[in-house]
Amino acid sequence: MNSNTGNIFTKTTFDIKGMSCASCAASIESTLRAINGVVEANVNFATKTVKVNYDREMTNADELQSAVKNSGYEITPVKLSGNSHVKKSFDIRGVSCASCVNSVESTLNAIPGVSDASVNFADKTVRVLFDAERVKTGQLIDAVKNAGYELIPKIDAVSGSIQNSPEQTEADNSLAGSKIEEKSEYEILRKKVTVASIFSIPLVVIAMGFHTIPNANLIMFALSIPVIFYSGIKFYTSAWKQLKHGRSNMDSLVALGTGAAFVLSIVNTFYPEYLTRHGFEVHVYFEAAAVVITLVLLGRMLESKATSKTSSAIKKLIGLQPKTARVVRNGTETEVLISEVIPGDTVIVKPGTKIPVDGRVIEGNSVVDESMITGEPVPVEKITGSKVIGGTINRTGSFRIVAEKVGKDSMLSQIILMVEEAQGSKAPIQKLVDKIASVFVPAVFAISVLVFVIWNIFGPPPSFIYGFVTSVTVLVIACPCALGLATPTAVMVGIGKGAENGVLIKNAEALEIVRNADAIVLDKTGTITLGKPEVSSITYLSDGGKNYLNNVIYSIEKTSEHPLAEAVTKHLSNSESLTVKNFDSYTGMGVSGEVEGIVYFIGNEKLLKANGIEISEYIKTEINKIQSRSKTCLIVATGNSVLALIEVGDMIKDSSASAISELKNFGLEVYMLTGDNAMTAESVAKQTGIDNFKAEVLPGDKLEFVKQLKADGSKVIMVGDGINDSPALAEANVGIAMGTETDIAMDSADVVLVKGDLDHIVKAIKISIQTTTAIKQNLFWAFIYNLIGIPIAAGVLYPFTGYLLDPMIAGGAMAFSSVSVVMNSLRVKRKQV
């Protein structure tokens, strides 16, 4: 038996000074990881920060700083728990492609005092970690505005209030207020597409069939003006802002391509003799410019509609939160806003209504639908003493609860925050995509110029026209948007789907790694078993009074916090409490305490051996009988004799055997670790189909076991309760914690299962497979589209077939590529888990 005084792990972010290259980053990481007690150290070279996960009982921030200083660098802690550093979310306007993402991130990360800035292109948000004493929110907004974009403080998902830091000004409130009132991006785009379509359709008709009518060019010029200067004006203003900062993005491609076509058409309309004098044939491209803008806007409108569906899971979660609650105060029943409920309030829950806050039933009983939180369709019976979760639905009876967790502390709020954070995180593969996207637009500009030059040198007459059309087509068809959307849209859908099924995935990296794991380590108690041990029987072996011994056992175990001790005290709850002196806990063995001058030991065989207490063959036989029934045997003894054997059982969960079978079908090697004895471990392993198990394991041994598996080349999933298993959970490639009742805040885990059943791990793996498959498909098509589309647009087929791609078709293809990526990501929502 061991108490819950396990390792104390903490995650701290440090700013780095003196780091100039990737080798420096590797040096800092290796220095930190070599320190005893450090579980993980990850350097972010772009933001000049390092995140360290370490055991506070084995090392501290000063030791970490000293070690790094000795290696030639300097780190200073960013204290996230204080008032100085805050993490804030913003909506972004003007972000149109992956190049924009890099531009916004680099702008924010360049501000002194900003530790990290990460943009989610799919939902057009950015999360910024900054020192509020050095940086004001207004500075962030101004910096991004100067870069050509707009930053808007995000509305809190749960409370509906603005996410304020203590230093935030009133300007933030007014700015956020305007955000509430503005039309959605989809509605704005729909209006612009409608206007563009109204003028583009007659434009195309005239260009294709009636270009010989009088003043045809003037009519087309007039029709194109609303498309260019109303519907498409944002392309040009955005491109100009980017140009002023020496940058380029998707809007720059569209603006240059359509702008060049529009300007050349104006010259050919009003000064045709200029080109004819130089031997060029006169052509106008008003229809091409207008149709390209119309199709690009149409693509963005469809993309906006589709991407909004990727966040449907978070919207559903927010919608679960009731607006009001009926509370009893001073003997009077009254209805109050949900934000006014405080812990300790008595809340009335009527049939058919949502439970307002997390709490405990104090009167009445009912059946509650928790499927929206746990993913389990079967309603759960609630009686006096049962825990209830805010946002779940009371189906039948009326009952009263005492409010325990409200506002940001509630389970629903924790889930919403966790899902939002996870959806905004980046998968490892996204780092490669970001690097490609950062050079994509400049590369396309270079290709466009090269194409124009080659056509003018080697192309047939009119070579200038051919060169112009192909260079414009290259600009129009190139699409970094598909690259930018490929990963985040799939991640948002996958993490949202997990939340709907009771699987809370904390970051995109875990989502990507889970499917590649080849070993899974399961803690027994609370993971494979219910984790709620109960005393089956007590066998008394001494001639002394049973009642007095019960009092002794009860008094000593009451001092311990271990689950087995809790089971014993519950079984002996009618016993009398005696004074216990010199209480001691032995990790992995048990406890001892002195009562009326006699020292008693309660624990396993290891505890007795460690204290020189002999166990007779008869007692060993009795212990083996208990253990053969998959039960744990607690031995009660004094310094010279064994007084009693306590048989404690922990039922195996109904879903464990079938889930373990499915895990094996995924190709995972399943291991079980337990602090229990070998016979009990073997019995549980046989009943659940586990071939590999290890008994009498201490918390530190679990960590070493995971390290050994990783050293052997395995990618490891560790599953535990998040308390004594914290070191092993943190060390594993992916740590999965079994959530219980209203507690899902487990820092050491990458994934939390709201309903602590192993079949939810199977769901997590399936979601990981579906999501990563969608990401790979998206990236494949995004790359293939550009690899094939750009050469065709450049005219590579012309020497063989005489075919040149029309700029209008290129615009339509570009729009389709982005929409197809988003739609493919949405397919994940419809797949079964």
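I began with V453, which is partly exposed at a relative accessible area of 37% (buried means under 20%, exposed over 50%, partly exposed in between, with a 1.4 Å probe and protein chains only). This is a predicted model, so I kept in mind that local features need pLDDT of at least 70 and side-chain atom pairs pLDDT 80 or more, while totals for chains, interfaces and linings use all residues. Residues are numbered from 1 along each chain as its sequence is written, and side-chain values use heavy atoms, without hydrogens and water.

I placed V453 in helix α15 (helices are DSSP runs of H or I with at least four residues, strands are runs of E with at least two, numbered from the N terminus). Together with V449, L450, I454, I457 and F458, V453 forms a nonpolar surface patch with about 610 Å² of accessible area. Patch members have over 30% relative accessible area and no salt bridge, and nonpolar side chains are joined within 5 Å; a salt bridge is a side-chain nitrogen of Lys or Arg within 4 Å of a carboxyl oxygen of Asp or Glu. The areas come from the Shrake-Rupley method with a 1.4 Å probe.

**Aromatic pairs.** Next I looked up the rings and found 13 aromatic pairs (centres within 6.5 Å; planes under 30 degrees apart are stacked, over 60 edge-to-face, the rest tilted). F221 and F262 are stacked, because their centres lie 6.1 Å apart and their planes stand at 25 degrees.

I then checked W455 and Y466, a tilted pair at 5.5 Å centre to centre, with 45 degrees between the planes. W455 lies in helix α15 (residues 428–458) and Y466 in helix α16 (residues 463–477), so the pair ties together parts eleven residues apart in sequence. W455 is buried at 8% relative accessible area, whereas Y466 is partly exposed at 22%.

Back among the phenylalanines, I noted that ring pairs join F221, F229, F262, F270 and F286 into a cluster.

**Sheet.** Last, I traced an open, antiparallel sheet of six strands in the order β10-β9-β11-β17-β12-β15. Its edge strands, β10 (332–337) and β15 (387–388), each pair on one side only (pairing takes at least two DSSP bridges). I saw six bridges between β9 (residues 324–329) and β10, which run antiparallel. R326 has E335 in β10 as its bridge partner.

Key
Rings of Phe, Tyr and Trp (its six-membered ring) pair if their centres lie within 6.5 Å; planes under 30 degrees apart count as stacked, over 60 as edge-to-face and the rest as tilted. Patches are made of residues with over 30% relative accessible area and no salt bridge: like charges are joined within 9 Å, nonpolar side chains (Val, Leu, Ile, Met, Phe, Trp, Tyr) within 5 Å.
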